[in-house]
Amino acid sequence: TNSILDHQRAAAIALEHLVGLGHRKIAFMKGHPGSSDSQTRWLAICEVAHGMGLEVDPSLTIQIESEESSPQVGYLHAKKLLSGKLGFTALFAYNDITALGSMRALQEAGYVVPRDVSVMGFDDIPLAEFHYPSLTTVRQPLRHMGEIALQTLLDRIESRANDDQVIAIQPELVVRESTAKANA
C-alpha cells in the first residue's frame, strides 16, 4: 500500500481558487529537482492548467535551485522573478516556506499582498496561519498520511496487506488573507 497525496486534486483546488479570483497571469515556483514530490506536483500543475486553458508562462516560472527549506530561498527566487518586470497578479509557490519568503520580497519591492499580488502556498505549516498576511495554502493532511503509513506497516507485518493498493490522500484548500481578486 502506498499513501500518496492526490496531486491532481491539489493543483486543481489551488488553480481554481486563483482563476476564480480572476488571476490569469500566474507566476510559479517549481520545487528543487531533488525534492521528492517536486516533479509529480509540477506535472499535475501543468496538466490541470492546460485543462483550464491557463498558460504556464516559462518566463513566469522559476526553478528553485536550493535544497535548503527556508524563507530565504523563496525570498531570493521572488527577487529574481521581480527583476524581470513581468506583470503577474498571483504567485503559486512550491511550498509555504518559499511563499512566506516570497511575500517579503514582494513587500520590499513595494507590492501589497494580496492587493497587488496574491500568494498561494502548499502544505499548511503552522506558521502559515500566523504570518501577516496569513497564507492561503493547500493543506496536506500529513498526520493522516502518517497514520495510514503506520497502519499499512502493521498490516504488512501481520501479512494482511495488499501490496499494490494505493491510497490517495485528499488535500484541502485553506483560504486565508494572502489571496484576493486580481487587480487587473
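Me: How many aromatic pairs does the structure hold?
Reply: Two. Rings of Phe, Tyr and Trp (its six-membered ring) pair if their centres lie within 6.5 Å; planes under 30 degrees apart are stacked, over 60 edge-to-face, the rest tilted.

Me: How are F28 and W42 arranged?
Reply: Their ring centres are 5.7 Å apart and the planes sit at 80 degrees, so the pair is edge-to-face. F28 is in strand β2 (residues 26-30) and W42 in helix α2 (residues 38-51). Helices (H or I, at least four residues) and strands (E, at least two) are DSSP runs, numbered from the N terminus.

Me: And F28 with F92?
Reply: That pair is tilted, because the centres are 6.3 Å apart and the planes are at 50 degrees. It links strand β2 to strand β4, 64 residues apart.

Me: Is F28 buried or exposed?
Reply: Buried, at 1% relative accessible area. Buried means under 20%, exposed over 50%, partly exposed in between (1.4 Å probe, protein chains only).

Me: What about the model itself?
Reply: It is predicted: local features need pLDDT of at least 70, side-chain atom pairs count only at pLDDT 80 or more, and totals for chains, interfaces and linings use all residues. Residues are numbered from 1 along each chain as its sequence is written, and side-chain values use heavy atoms, leaving out hydrogens and water.

Me: New topic. Where is T89?
Reply: In the loop between α3 (71-83) and β4 (90-92). T89 counts as buried, at 17% relative accessibility.

Me: How far is T89 from V117 in space?
Reply: 4.7 Å, C-alpha to C-alpha, though they are 28 residues apart in sequence.
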